[in-house]
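I open a new page for this structure.

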Amino acid sequence: MDHRDLASCTRLKPVYDYHEATKHRFDAFADGPGFLDWATQPDPFRRYAGARLIRLEGVAPTGGPRYDAIFTGASMPAAAPVNHQTVSQLLYDSLALSAWKRLGETRWALRVNASSGNLHPTEGYLVCGPVDGLCERPMVCHYAAKEHGLEVRSEFEAALWSSLCAGFPAGTFFLGLTSIHWREAWKYGQRAYRYCMLDAGHALGALVFAAAGLGWQVRLLDEPATDELAMLLGTLQPHEAEPEEPDMLLACVPMQQAGDLQGPSAAALQAFASLAWQGSPNTLSPSHLDWGIETLASLLRKPRAAIAYERFSSPPQSGVLPMRPAALRRLIRQRRSAVAMDGQTSLPRDDFYRMLARTLAVPGAVPFAALPWKSQLQLALLVHRVNDLPRGLYLLLRDPAQKAALQQALTQADPWRKPPGCPESLPLYCLIETDARAAARQISCQQDIASDGCFSVAMLAAFSGPLERYGPWFYPRLYWEAGMIGQLLYLEAEAAGIRGTGIGCFFDDPMHEVLGIGDHAFQDLYHFTMGGPVEDTRLSTLPAYG
Ligand SMILES: Cc1cc2nc3c(=O)[nH]c(=O)nc-3n(C[C@H](O)[C@H](O)[C@H](O)COP(=O)(O)O)c2cc1C
C-alpha cells in the first residue's frame with residue numbers, strides 16, 4: 001500500500017506524516033534550526049530543586065562477569081541482593097557519566113549510554129520498596145547523572161508498594177525512562193523525536209547489560225498506558241520547565257525468575273497521581289522553538305491494553321564460540337563512539353559472524369528478552385573490510401519469518417547466497433557483491449565513518465505491518481529496538497578491540513533505493529558503523545567523578 005493510502009487511514013496519519021516529513025533527502029534536510037543557537041543550549045542535567053539527594057557509590061569495575069558469559073544462560077552470575085551498593089552499580093553501569101572530555105577551556109560529560117549529539121534527552125527513574133542501606137520507605141526517585149545520586153521525588157505507603165508489585169517476583173523494583181524532546185530538538189529540529197526514541201532504546205540496552213552484570217533481568221512492561229506512567233513517575237505535574245514525556249516502564253527482576261510479566265494494575269498506578277511530589281524541575285533553556293514534537297508525542301501515547309504480541313516463531317541458534325576474557329563492566333564503562341575510522345582495520349570473519357549472532361533475539365537471553373515483541377528489525381550490512389568476505393551488501397534476517405516479504409521487497413538484490421564460512425544457524429545472506437564504500441558515505445550524510453570502517457549497518461524495520469496491527473504507539477517502539485541493537489553493537493565493537501558509532505544522519509529514501517524498497521513495508525530507521533578508530537589527540541580525558 002502506498003503511504004498516501006495509509007495516511008488516509010486517520011489513525012496512522014500522524015505517524016506517516018511525521019515519518020515522511022522528517023526524512024533527510026539529497027535536495028533538502030528535514031526541517032531544523034540550521035544553526036546552533038548557543039544562547040538557548042539546553043542544560044544536559046535535569047535536577048529537581050528541593051528534592052532530597054541520596055548519594056550513590058561509584059562501584060569500580062572488577063574482572064567478573066566476563067562479557068561473553070552474559071549471553072549464555074549457564075554462565076550467568078547468580079542474582080545479587082538488592083541493596084544500596086547493587087542499585088548504585090546498576091545505575092553506574094547504565095545511565096551514569098563515564099568520562100569528561102576537555103578541549104582548551106571547554107569540557108563536556110560523556111555517559112555510559114550513547115546519545116545522538118551527546119544531548120542526552122533520556123531521564124531515568126527508580127521506583128522501589130524498602131532497600132537495604134538505600135531507603136526504609138518505598139519511593140520514586142529521579143536519577144541525577146552528574147551527581148550519581150537519586151533525588152527523592154515522593155515517598156509512599158507500604159500498602160501501595162504491595163499493590164504495585166503484586167504478581168512480581170520477590171526482589172523486583174521498577175525503572176522508568178522519560179524523554180525531554182527539547183534537548184534534541186534544539187539542535188535537530190523536527191527529526192529530533194526519532195533521535196530521542198533511538199536514545200531511549202540505547203538507555204534501555206544500557207540498563208539490560210548493567211542488570212545482567214548483577215544477575216538481574218530487565219523487562220519492558222507494555223501493558224500500562226503512557227498517562228499512567230506519567231502518574232507513576234511524577235512527570236504529570238504542570239510546571240514551567242520543559243516537559244518530560246514518559247517512554248517506558250521496566251521491571252528489574254532476578255534473572256531466573258522472569259516468566260511472563262504484565263504491568264502493575266491501573267488502580268496501583270493511578271494512586272500515584274495523588275501523592276505529594278518533592279522538588280521542582282530546573283529550566284533547561286531560556287527560550288524554545290516548537291517543532292511540533294510534543295503534539296506528535298501526545299498522539300503516540302499508548303492506551304492501557306495487554307497486547308498479545310507475536311512471539312518468536314523459530315528461536316535462532318548461535319553456535320558455541322570461545323569465551324574471551326574481557327570483563328563486562330570494563331567494556332560497559334570504556335564504551336565510546338569513534339569520531340573517525342582509519343580506513344584500514346579489517347575484522348576477522350569469525351568476529352563478524354559472532355557480532356551478528358549476538359544481534360539475534362534468543363528467547364530468554366540478554367539483551368532482547370527485555371522486549372515483549374518479536375524482532376521487528378532486520379540488518380542490511382554494507383561490508384567493506386572483513387577478512388575473507390567479499391565486499392558487498394548483506395542481509396541478516398533477525399526474524400526468519402520475514403524472509404519471503406523481504407525477498408519481495410528488496411528488488412535490487414541478486415539471488416540470496418550464504419556467504420563463505422557462515423555458520424548454518426546464522427541467517428545471513430549476501431545480496432550483492434560490490435564495493436559499497438562510496439554509497440555508504442554518501443547515504444550517511446557524507447560521513448566518512450560510514451565508509452572507513454569494517455562495515456556499516458542499516459536497520460530495516462517492518463513498518464506498515466506492525467503499525468497497522470498495533471497502532472501508532474508502536475512507532476517509538478521500533479526505534480527503541482533499533483537503539484538497543486545500537487547499544488549492543490557498541491559493546492560488541494569494544495569486545496572485538498574496534499569501535500562503533502551510531503549514525504542518525506542518513507538519507508532515508510536513497511538507502512531504500514539502494515535496496516530496491518519502494519513502499520512502506522520496510523523502512524530504514526537507524527545506521528551504525530564499526531571499525532578501527534582514529535583518536536582525536538586534541539582532547540584530554542578526565543575521570544567521570546571526583
Ligand atoms: C541515535 C544516535 C545517533 C547518532 N548519530 C551520529 C551521527 O550521525 N554521526 C556521528 O558522528 N555520531 C553519531 N552518534 C554518536 C554520538 O555523537 C555520540 O554517542 C555522542 O557524542 C556521545 O559520545 P559517546 O558515544 O562516546 O558517549 C549518534 C549516536 C546516537 C545514539
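I searched the whole structure for salt bridges and got 35. I count one when a side-chain nitrogen of Lys or Arg is within 4 Å of a carboxyl oxygen of Asp or Glu. This is a predicted model, so I ask for pLDDT of at least 70 for local features and 80 or more for side-chain atom pairs, while totals for chains, interfaces and linings use all residues. I number residues from 1 along each chain as its sequence is written, and side-chain values use heavy atoms, leaving out hydrogens and water.

**Charged pairs**

I looked up R46 first. Its side chain meets that of E244 in a salt bridge, 3.1 Å from N to O. The pair links distant parts of the chain, 198 residues apart: R46 is in the loop between α2 (13-21) and β1 (48-49), E244 in the loop between α7 and β10. My helices (H or I, at least four residues) and strands (E, at least two) are DSSP runs, numbered from the N terminus. Are R46 and E244 buried or exposed? Both R46 and E244 are buried. I call a residue buried under 20% relative accessible area, exposed over 50% and partly exposed in between, with a 1.4 Å probe and protein chains only.

Next I took R324 and D68. Their closest N and O atoms are 2.9 Å apart, in a salt bridge. R324 lies in the loop between α9 (293-299) and α10 (328-334) and D68 in the loop between β2 and α3 (84-92), so this pair ties together parts 256 residues apart in sequence. Both R324 and D68 are buried.

Then I checked R469 and E310. They form a salt bridge with closest N and O atoms 3.2 Å apart. R469 is in helix α14 (residues 464-470) and E310 in the loop between α9 and α10, so parts 159 residues apart in sequence are tied together. R469 counts as partly exposed because its relative accessibility is 47%. E310, at 37%, also counts as partly exposed. I also noted a network: salt bridges that share partners join D68, R324, R354, R358 and E492.

**Sheets**

I traced an open sheet of seven strands, in the order β2-β7-β6-β5-β8-β10-β9, with antiparallel pairing. Two strands pair if DSSP finds at least two bridges between them. The edges are β2 (52-55) and β9 (216-220), each pairing on one side only. Inside this sheet, six bridges join β5 (residues 122-128) to β8 (residues 173-179). L126 has L175 as its bridge partner in β8.

I traced another open sheet, of six strands: β14-β13-β12-β15-β17-β16, with antiparallel pairing. Its edge strands are β14 (428-433) and β16 (499-503). Seven bridges join β12 (residues 377-383) to β15 (residues 455-462). Which residue in β15 is the bridge partner of L381? The partner is V457.

**Whole chain**

I counted 16 helices and 18 strands in the chain. Buried residues make up 61% of its 546 residues. The C-alpha trace spans about 65 × 55 × 50 Å along its principal axes. I looked at contacts (heavy atoms within 4.5 Å) between residues at least 6 apart in sequence, and 82% of these join residues at least 24 apart.
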